[in-house]
Amino acid sequence: MNGWEKPLGYFLEHARRWAWQRVSEHFGQHDYEQHKRLRRKNRILASTLGGAINRKLIKIRRQSGNHIYIDNIQNLIGKYIPDQVMRSTFRDVDIRVLADAVSGRDISYGNVKILRAFVSGVLREASSIFGPLGHKLDSFQRRCARNLDARTAPPYPQILNISPADYQRFFEILAQDSNWRQSLAIHLYFATGARLQSVLRARWSDFIDGIWYPFLPEERKLWFESKERLDNQALAVLSDIQRRHRVEGLSSIYLFPSLIDVSRPIRTIQRHWARHSGTMGWRDLPMSHVVLRHRERSNPSYYLFFHRCYLQFDRDEGEIAVSKIANRRNFHSINSNDYMVEHKPSENLIA
């Protein structure tokens with residue numbers, strides 16, 4: 001046709017579609033496109049959730065070869081998703097049961113994130129074939145989010161029963177723990193307004209004249225905008241940490257160096273929190289809320305907003321102040337004995 005040479009197979013699909021359309025019109029049936037949609041719909045609705053999960057795992061293995069991730073997913077699915085749910089078809093699957101299985105209280109938050117993302121991907125692929133399944137995906141995500149919110153909601157009224165005497169007894173238990181890195185990190189977290197990750201990564205050079213600039217490296221622009229003057233409780237914790245460094249002969253830039261490598265900080269205190277909170281009868285209370293009962297947290301996001309909005313009107317002075325703070329931080333040695341050295345503070349620096 002017009003010198004355009006194509007093999008007969010090139011036109012086969014078009015010919016089949018034309019033939020199906022003519023036959024369907026003759027018998028008053030659905031047209032070709034409707035037939036394809038119905039076939040896709042019936043195929044996906046008759047598929048089981050377990051079958052769809054296996055197909056997705058095979059696809060991931062073929063594309064990325066990430067066997068560690070695949071093994072982790074298989075273990076989590078086998079442990080938490082009931083067989084009855086796995087055998088359910090997309091037509092009959094109970095989204096509430098599936099979401100509760102994926103985001104139950106007996107699953108760690110990290111594993112919930114992994115499972116929720118994977119199952120959401122399976123439902124998303126199914127809804128791309130049959131659009132109305134999208135409402136099941138939405139229901140699944142809302143139910144998981146509700147379960148996680150319920151897990152982290154303030155556990156009132158139990159948390160209101162914690163008295164100052166309870167906190168004092170808790171701090172005494174922490175002071176007697178031989179694993180002083182984790183226990184004193186918990187105590188410092190309670191004694192200051194810093195975030196937990198800032199506490200775990202705290203360096204001796206972060207403390208200047210009894211003031212702590214408790215920000216992560218990517219937040220150093222906040223040094224000028226916010227700082228925390230340490231009270232007697234926090235200073236006492238620092239003195240105890242300093243004493244532990246002296247006893248063990250540690251030479252680390254971090255307050256809580258790793259046992260394996262002193263050039264790195266510890267990463268977590270969850271195991272120690274679980275043990276000590278169980279001793280206090282707080283096992284079901286999240287640390288983030290128990291600490292708020294004792295002391296408010298600082299809000300770096302507010303100071304970042306303030307910095308972006310208002311520092312531009314006084315940029316030169318602000319940059320000079322940040323430079324002064326950085327110089328004061330660099331002036332201090334990495335020796336932990338230097339953090340309580342008395343200096344005459346600059347009025348502009350601490351104003």
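1. Helix 10 is the place to start. In this predicted model, Trp180, Arg181, Gln182, Ser183, Leu184, Ala185, Ile186, His187, Leu188, Tyr189, Phe190 and Ala191 are buried in helix 10. That is twelve of the helix's twelve residues, so helix 10 is largely enclosed by the rest of the structure. The helix covers residues 180–191 and reaches 16 Å from its first C-alpha to its last, close to the 16 Å expected at 1.5 Å a residue.

2. What do the buried residues of helix 10 pack against? Their partners are helix 9 (164–175), helix 11 (196–200), strand 2 (211–212), helix 12 (232–248), helix 13 (270–280) and helix 14 (287–294).

3. The protein as a whole has 17 helices and three strands. It has 351 residues, of which 40% count as buried. Among contacts with a separation of 6 or more, 67% are between residues 24 or more positions apart. The protein exposes about 20900 Å², and carbon and sulfur atoms supply 52% of that area.

4. Aromatic rings come next. The structure holds 13 aromatic pairs. One of them is Tyr167 with Phe190: the ring centres are 6.2 Å apart and the planes stand at 55 degrees, so the pair is tilted.

5. Tyr189, like Phe190, is among the buried residues of helix 10.

6. His272 is found in helix 13, one of the elements that the buried residues of helix 10 pack against. Its relative accessible area is 12%, so His272 is buried, the cut-off being under 20%. Which residues does His272 touch, leaving aside those up to four places away in sequence? They are Asp177, Asn179, Gln182 and Ile186. Gln182 and Ile186 are themselves buried residues of helix 10.

7. Charged pairs deserve a separate look. Side chains of opposite charge can pair when their charged atoms come close. The structure holds nine salt bridges. Among them is the bridge between Arg181 and Glu248, whose closest N and O atoms are 3.3 Å apart. This pair links distant parts of the chain, Arg181 being in helix 10 and Glu248 in helix 12, 67 residues apart. Arg181 counts as buried at 7% relative accessibility, whereas Glu248 is partly exposed at 40%.

8. Another salt bridge joins the side chains of Lys56 and Glu125, at 3.0 Å from N to O. Lys56 lies in helix 3 (residues 49–63) and Glu125 in helix 7 (residues 109–129), so the bridge ties together parts that are 69 residues apart in sequence. Lys56 is buried, with a relative accessible area of 15%, while Glu125 counts as partly exposed at 33%. Lys59 joins these two residues in a network of salt bridges.

9. The side chains of Asp240 and Arg243 meet at 2.8 Å, N to O. Why are Asp240 and Arg243 separated by about one helical turn? The reason is that they are three residues apart in helix 12. In general, an α-helix has 3.6 residues a turn, so residues three or four places apart point the same way. Asp240 counts as buried at 15% relative accessibility, and Arg243 is partly exposed at 39%.

10. The last point concerns the surface. Trp4, Tyr10 and Phe11 make a nonpolar surface patch of about 330 Å². Phe11 lies in the segment before helix 1 (12–27).

Terms used
Residues are numbered from 1 along each chain as its sequence is written. This is a predicted model: local features need pLDDT of at least 70, side-chain atom pairs count only at pLDDT 80 or more; totals for chains, interfaces and linings use all residues. Side-chain values use heavy atoms; hydrogens and water are left out. Helices (H or I, at least four residues) and strands (E, at least two) are DSSP runs, numbered from the N terminus. The expected span of a helix is 1.5 Å times one less than its number of residues. Buried means under 20% relative accessible area, exposed over 50%, partly exposed in between (1.4 Å probe, protein chains only). Contact means heavy atoms within 4.5 Å. Patches are made of residues with over 30% relative accessible area and no salt bridge: like charges are joined within 9 Å, nonpolar side chains (Val, Leu, Ile, Met, Phe, Trp, Tyr) within 5 Å. Accessible areas come from the Shrake-Rupley method with a 1.4 Å probe; for residues, only the protein chains shown count as cover. A salt bridge is a side-chain nitrogen of Lys or Arg within 4 Å of a carboxyl oxygen of Asp or Glu. Rings of Phe, Tyr and Trp (its six-membered ring) pair if their centres lie within 6.5 Å; planes under 30 degrees apart count as stacked, over 60 as edge-to-face and the rest as tilted.
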